Structure formats: C-alpha cells, structure tokens
Amino acid sequence: MRSFTDIFVKHPVLAVVVNLVIILAGWRALMTLPVQQYPKIESSSVIITTVYYGASAETVRGFLSTPIERVVSAISGVDYVESTSRAGVSTVTVHLKLNHSSTAALAEVTARLQQVRAELPPQAEPPVIEVQRADRPYASFYLSFTSTERTVPALTDWLLRTLQPQFSTLSGVQKVTIEGGRQIAMRIWIDPDRLASFNLSPGDVQGALLRNNYLAAVGRTKGNFAQINLLANTDLRSAQEFEELIVADRGGAIVRLKDVAKVEREAEEADMVAKYNQAQGVYLGIWPVPGTNEIDVAHRLRDEMDRIQPTLPKDIDMKLVWDGTMFMRNALAEITKTLSETILIVAVVVFLFMGSVRTALVPLVAMPVSLIGAAIFMFAFGFSLNLLTLLAIVLSVGLVVDDAIVVVENVERHVRLGRSRIEAALTGARELVGPIIAMTITLATVYTPIAFQGGLTGSLFLEFAITLAVAVVLSGVVAVTLSPVMSSRFVHPQGKEGRLTAFVNRRFDEVRRLYTTLLDGALNMRWGIVTAALLIMVAAWPLYLFSRQELAPVEDQSHISLFFEASPDSTLAATNREHLQIVRAITAFPETEFTWGKCRDCACFRDWTRRCRHQANTTSSWYWKATYRPSNCSIRSAPCWEPAGKAASSCMWTPTSKSISLRRASSSIVNVWPT
C-alpha cells in the first residue's frame, strides 16, 4: 500500500528543499521578530487632564472631575475610573479592560468630552487626553543630568534646546520627556495692598497681560520687485518690558505693572524634585515605540550617549540610571544558554541510546528545523521573542525529537529483518504516518487550550501555547518528509553495525525482557496498581491546596521600589527634606549602588553577582529602616505584574497601621539598580 511518504523517499531532493524552505523562512522571521520581556498585552489607560488655574481642590472636584467621570464611565470597555483633584488640576484616569482597543476608547472619550464641555467652567483649559500603557506607565530608559554650576531651570532649558531633540530622532523612540525639570518663566508677584489702593483687581492685571503680550502675524507687503514680511513686536521679552506694561489709566495717571507687582525672570513653580543620590538634577525619559525591539533601542541609545559624552559641558554629568532592558537581556541570555545546554544534553542522550553518530543525526537535524520553523508562525501571528515564547522553545526541544526517533528506530528494525535501507525507509514511513499524525495532534491539543484561557493568564500564555504547539506540528512534518530520507542513508546496513550500536542493541534486548517480566507481574496485581495510583492522586490534593500561588515568581532584578507619603499639607521642600533622610538611610546599606528618582521619587541595588544577600532577604531590612520616619512607607520588589494598572498585592510590603496612597509632591519612589 502506497503512501505520500514514498514521494519524499524516492525523491530526496524534494524533502531537502521542503525543509530548507522551512529553515530559511523561519530564520528570516526569527531575525524580524521584536524582542520583549513579556508578550504584548493591550492594557491601556486614558488619562484626561484639565487645568483650572486658581481653583481649589474642592472646586476642581465638583466642577471638573465629577462631570468628566460621569460621562467617561459610560463608554464601552471601561474597567474602572479613578480621579485626582488638586488645586488647579483635575486628573481622571479611565482604566480599560484587558485587550480592549485603546484607539476606540480614545475616540469615544473625545466624543463624550465634547458633550460635557459646556458644563465645565469657561475659565478652565480644554481637557488634554493621553493614552498610556497601564502595565508600564513609565519610560523604558531614564537619563540623569546633574550640574555643579547650573541651576535646575538652566539645566532644563539646555536639555530642551539640545539633547531632547537629538534623542527624539533615534530609531524606535516614540517620545522623550523631561522629568523633574523647571522651565524658565516670567514670575509676576502681585502686591494686594498696592493693587487695592488703585482700586484694581487681579483680573485687571490678567487682562492687561492678555492685551499687551501676544503673538501677531501681521502679513507682508509686495512691491514691483520685492516682497517684505512685516513684523510686529507684540510680545514682551524681558522683566523690564513687563514692568513698563500699562495696567490702567486713572484720569491721566497711568498705572504700570511695576506699581502693583514685582516682576522677575525665574522658573515655573516646582511640583517635584528630581535627584541622583542627594544632588538635584533633571531626567530624560526615553519611551520606545510599542512593539519595537527595545534591546536594539537600548544599543542605539548607548551609542548616542557615547557620541554625545565628549561634547557635554564640563559641569554636566550624564548617567543612564534606568535601563528597562537590562533584566530582559540577562534573562534572554540565560534562556539562550539553557537552550544550548538542552540541545547538547538531548544530543548526548540520543547518541548514547541510538549507539551511532550517523543514526543520531536524524533526530538532531529534525530539532533545529522544527524550532526555527516555529518562528514563521510566530511572525505570522504577530508574536515576539520574549521570556514565554523562548520558554516554549526550550520545552519543545525534548518533544520535537520524538517523532524522528520513532522513524529511525522503525527503519532500523526493518533493516535488521533483512530489508534494504530504501525498502525499510518506505515500509517504516508507511507504518508510522498514522501514529505520527496522532502523536502530533495529541501533543498540540494538550498545549493549545492554554491559549483559550481568559483574563491576564490567557493573554500572557497565548504565545507560549501556540509556539509550543506549532513546534510540535512542524516536528511531525519533518518526521514524514526528511527523517525517512535521512534514515535510508544513515542507518547501518544489516550486519554492519558498529560495536557501540551492537552493545546498545543488546542492552535494549535485556531491558525489553525485564520490562516484559515486570509488565506480567503488574497485570497480575492490577487492583493494587490502581489503588496505589488513586492514593497518589488523593495525596497530591492537599499539596496543591497548601502550595504558594502566584502569577509569576518574584525574581532578583536588582531593583526595589519604595513608596512613602508625607503629610497631606506638607510642602514640597518639607517632603524633599524627609525624602533625603530616607535616601541616606537606604544608601547606608552595602547592597545599595546608587539612588535616583524624583520626589515623587526613586533608589538602587548592586548587581546580584556583586552582593551576598538576595533581594528578598534585604527587603525587610529596607522596610524597617525606611519606615522609621513620620511618613507612611511601603516597599515593592520587582518584578510585579500589574494587570490594568492594579498593584500586585503579593509584591507589596505595607505597614499594618497606616494606609498607603500616592499623591502629587508628597510621595516618593526609591528604585534600586546596578551600574
């Protein structure tokens, strides 16, 4: 009875071409796949920020936050809505359900805000809408800039004009933000007594500024031979020009701005303080384009920093304090090392049990073809190279060799029965077509249901399950195309086995006889075997109930985040002083490398290869040292997977008698990272 496998055995070039196509297409797809730490998950938040200068927190809550919350909570795909109302600013965060389209939600939010715009105070600024990843609401890279001579406003102005545009042009960078900076501004301090003496109000000063300080596009004039652009000096540039601005005319008596206010060229009011250790500075946040290869972006960023470093002013110090790809690179390197070790171990085991290098080549060649070919489907489905897909590839190493081993063993059996190698390959492949298809489908259906789970678990393990199933399916394709062809060439003819092959075959005959004896005994006491199996199943149940349960293990990423909350009425300066006390306490630990962040803030760990204690062992020490302060504190060990912006409680250290929350200018984060 003929089979389609006869085509490949009789035409080996066809089998080689089919598998070469799989390898070449898979390698091209492998080089194109983005590299990420975890699979891409659509977990987004829509942030609506509305500014209402001069309004109290109660006014902002009643006239801005409440109406906006009411209309945006009715759109589809909303998980929950939270808002923060503080003096002058309303922030409403719409957390979307997992894998809900952020583009559709953005369109709905924009339309709803247009409906409620008439209910908002006319003095309020138009709402600003921004879509933010809820699973990573921070940049992948942070660059610290400190100066021994320049003030924070001067450093901010220099970064705005020079480095921010340069880093924004890097391939794969979505945006570059300035954190903790203070832009230069004209500050006008009104004297209420002098203003009242002229019978004026702050609104009069504001109106005068609007009338006399604006940008105007005048136009141009044309002649017979030339045209000239017309310019108008309608905006004020210096403090002296602002001082001479006319506020009012009282019967010929002109009231100028300098008569009722103090004018000075300073900086915008600070709402946070950025620091590297204890020195104030400014940070640049580098945000890669979603879906891009962040490791490549990290390489380009470091190359750009090396190029810029010699051109920096002598008083400015630039450091890459946060590299979100460092743990990713280390993890991928470890997985790659594990994959190499796995392939080597499988090769040795296959060789020892096959007894011949030539015979062992059949399953060893099938292994890379299946693994590389899996990248074709990963690319087609929009997957990435991440910890879970690489884990699937590592696990599939032991699965993809099974079909090829069965094929070569069956061909070798027929050769021992007296057939030629070609006849043995034809007969052996025909016999195994059905079993190979059944084995492949069985293994694929075991792992595929993982992809159909709901929630965060299903989203995370979708790529894992599909990658593993696809690798197994491709191993079946290789087993019915290439493995019979290789077996017909590499299996030793009858009577020409090597000494190692003959030794292995004799040992297998002994094992077969021993197994037959044990099987006869097990069948004679079948009820005892069934009872033992049931007892093992029952005993496993309490072990399952009392085992720790977590989505992902807490790993030592050389990074710990510390959050603290000062008093609600604490000023930024007071919060900064208290934060410095915590920084001094944390840097006293020998494991700490450096501290960085902003107030709302950040601190840091040495690389795990350069310290004796594990991250988990130091967290409690950090916690008790940091909480010996008037402020509320909590510590979180990385990594913590936070679905849809919800904090992972299993990773949080919280005091039993204090509530934890984060507020503007009163919270601090301390992050630990190696050099």
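**Close-up views of a predicted model**

Ser45 stands opposite Gln132 in strand β4. The views below come from a predicted model, in which local features need pLDDT of at least 70 and side-chain atom pairs count only at pLDDT 80 or more, while totals for chains, interfaces and linings use all residues. Residues are numbered from 1 along each chain as its sequence is written, and side-chain values use heavy atoms, leaving out hydrogens and water.

**View 1. An open sheet is built from four strands.** Its order is β2-β3-β1-β4, with antiparallel pairing. At the edges sit β2 (78-86) and β4 (128-133), each pairing on one side only. From one strand to the next, the twist averages 20°. Six bridges join β1 (residues 44-51) to β4 in the antiparallel sense. Here, strands pair if DSSP finds at least two bridges between them; helices (H or I, at least four residues) and strands (E, at least two) are DSSP runs, numbered from the N terminus.

**View 2. Helix α3 lies across β1, β2 and β3.** Spanning residues 57-72, α3 runs at about 165° to β2. Helix α4 (residues 102-116) packs on the sheet too, touching β1, β3 and β4 (contact means heavy atoms within 4.5 Å). The direction of α4 makes about 160° with that of β4. Axes are lines fitted to C-alpha atoms, for helices over the stretch in contact, and angles run from 0 to 180 degrees between N-to-C directions.

**View 3. Thr146 has its place in strand β5 (residues 141-147).** Is Thr146 buried or exposed? Thr146 counts as buried because its relative accessibility is 12%; buried means under 20% relative accessible area, exposed over 50%, and partly exposed in between (1.4 Å probe, protein chains only). Leaving aside residues up to four places away in sequence, Thr146 touches Leu155, Tyr276, Ala279, Gln280, Gly281, Asp315, Ile316 and Asp317.

**View 4. Helices α12 (residues 326-354) and α18 (residues 499-524) pack together.** Their axes are 7 Å apart, at an angle of about 80°. The two helices are therefore roughly perpendicular (65 to 115 degrees). Phe351, Leu352, Phe353 and Met354 of α12 meet Leu500, Thr501, Val504 and Phe508 of α18.

**View 5. Helix α8 (residues 202-212) has Val205, Gly207 and Ala208 buried.** These three lie on the same side of α8, because they cover an arc of only 160° around the axis, taken from the directions from the helix axis to the C-beta atoms. On the other side of α8, you will find Pro202, Gln206 and Leu210 exposed. The buried residues of α8 pack against β7 (184-190), α7 (192-197), β10 (246-250) and α10 (257-260).

How values were computed: Angles under 35 degrees count as roughly parallel, over 145 as roughly antiparallel, 65 to 115 as roughly perpendicular and the rest as oblique.
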